Amino acid sequence: MLYPLSYWGWAVHRIVSDMTRRRQGRTGGAGAPLEPRLLPDSAWIDPSGRLAIAGVDLVGLAERHGTPLFVYDEGHIRARCREAREAFGEGVAYATKAFLCKAMARLAHEEGLCLDVSTGGELEVALAARVPGDRLVLHGNNKSDAELARALEVGVGRIVVDSFDEITRLGRLTDDAPPRATRPRVLVRVTPGIEAHTHEFVRTGQEDTKFGFSVASGAAAKAVAALELMGGVELVGVHAHIGSQVFDVESFEQAAEVLGSFAAPLGLPELVVGGGLGVAYVNGEQAPSITEWADATRVALAKVGVPPGTRVTAEPGRSIVAAAAVTLYRVGSIKELPGVRTYVSVDGGMSDNPRPVLYGSGYEAFLPRATDAERPRSVRIVGKHCETGDVLVGEARLPADLVVGDVLATPVTGAYGYSMASNYNKVPRPPVVFVAEGEARVVVRGETVEDLLRLDV
Ligand code: LLP
């Protein structure tokens, strides 16, 4: 594989600085520098500690585009898409809920991935990016008539059926539709009854869930029977998704075994194991790679008798985009409360990254002017919203020379940050830039006051 020059520069720099750190006995620990592996693939730290991604200096970017700013390394996303395509093969889909705009949809499509859309809105954005309907997979536990009708109209590649009501609705819509050359292809979503080790809000494989048909209760078998009897659709496979930010391959193996045992006797040509692969957000965290996840899944499926010719695919979201991005903020105030703590306020917050508030998610923070510096200062990084819960990093470490006006960055913010962003307190959503080969291009512009008012009548 060919790596850009900056990759080798970065690799050599990383080895040398790791060696230096080890010699000085300062690996790990609370005040340790940010681990460079949490940065996008084409990150390059110059000898003074300044960070560039794909050859674009981050402090300069913040000056040009303002802050907050989402910066995505395009090469990093492409590399993960290729890894997913190689590991799972044709049919693997990017889960657009993790991050979606036209540029992202086009990129995933160019790299040979299908796109998993879970609402009519995601479907329309993918179509607006000129992704053909047959490269889309439609999800959702409550698809409306309008969403299903649109999916049929544009010929989506797969519809993942989630409830008996949806089966009835689909039956009605396909009966009413003019006859077509090929019937819409559907998969049935099943819940394997696996408690993935992750936050309860993003766990979906257990019995107590709004998603899918339970294997254990027999509902999944009934759904299969109903779909097989329907003349208007073609049942091609079974789908399961156990949750998100799952670190242990064992949970995936267990789910694959339940899914495979259920699916093998049906003799259907496709199996989709969902998404959910976790990523490292903070120093010391380790996650399996997409390839390791795919290999473990395949072995588990073979063990329970899934024939080798079955098309086994997945829907990674987070593992494609999370580590591809960093968010840049500007420090506006440093408030030291003696005997309590230090609050560092930045110009974004829970409106551009609600994950810490929603799930208690941890992040690292660093200064792109001193990326590999020691971080002895213990602070809480908060946003500019009018509530105490507006915390970005509860227990952050930063360099001692932090000052008001510094550009501050949080890495691994490419998934479920921008896609869950809001206008709370009428804070405009930040722009998104893609960087590649020394160039930055704005793919989503920042919101303006006019945008904040455009829905008022
Ligand atoms: N497939 C299905 C059916 C899903 O429901 C999801 C995520 C995925 C694929 C992609 O999962 P991923 O590879 O991204 O883990 N907002 C939460 C995550 C919610 C995930 C919802 N479904 C968070 O910020 O952690």
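Predicted model: local features only at pLDDT ≥ 70, side-chain atom pairs only at ≥ 80, totals over all residues.

Trainee: OK. How many residues surround the ligand, and which are the closest?

Mentor: There are 19, and the closest are S244, E315, R318, R355 and Y416. A residue is near a molecule if one of its heavy atoms lies within 4 Å of it.

Trainee: What does the shell divide into by class?

Mentor: Six nonpolar, seven polar and six charged residues. Ala, Val, Leu, Ile, Met, Phe, Trp, Tyr, Cys and Pro count as nonpolar, Asp, Glu, Lys and Arg as charged, and the others, Gly among them, as polar.

Trainee: Which domains does the shell draw from?

Mentor: Domain 1 (7–73 + 326–453) and domain 2 (80–322) each give at least three residues. The bounds come from an automatic or database domain assignment.

Trainee: And how far is the ligand oxygen from the side chain of S244?

Mentor: An N or O atom of the S244 side chain is 2.4 Å from an oxygen atom of the ligand. For R355, a polar side-chain atom lies 2.6 Å from a ligand oxygen, and for G317 a polar backbone atom is 2.9 Å from one. The protein buries 91% of the 580 Å² that the ligand exposes when taken alone, with areas from the Shrake-Rupley method and a 1.4 Å probe.

Trainee: Switching topic. What is the volume of the largest cavity?

Mentor: About 70 Å³. A cavity is a set of points, on a 1 Å grid over the protein atoms alone, where a 1.4 Å probe fits but cannot get out, and lining residues have an atom within 4 Å of a point.

Trainee: Which helix gives the largest share of its lining?

Mentor: α9, with four residues. By class, the lining has eight nonpolar, one polar and no charged residues, and W293 and T297 are among its members.

Trainee: Last one: which peptide bond is cis?

Mentor: The one from T67 to P68, with omega near -10°. Separately, Q245 has a positive phi, near 55°, and is not a glycine.

Key:
Residues numbered from 1 in each chain as written. Heavy atoms only, no water. Polar contact = N/O pair within 3.5 Å; in protein donor to acceptor, adjacent residues only side chain to side chain. 1 Å grid on protein atoms, 1.4 Å probe; cavity = no way out; pocket = protein on both sides within 12 Å on 5 of 7 lines; lining within 4 Å. Points joined across faces, edges and corners; volume = space filled by probe spheres on them. Helix = DSSP H or I, 4+ residues; strand = E, 2+ residues; numbered from the N terminus.
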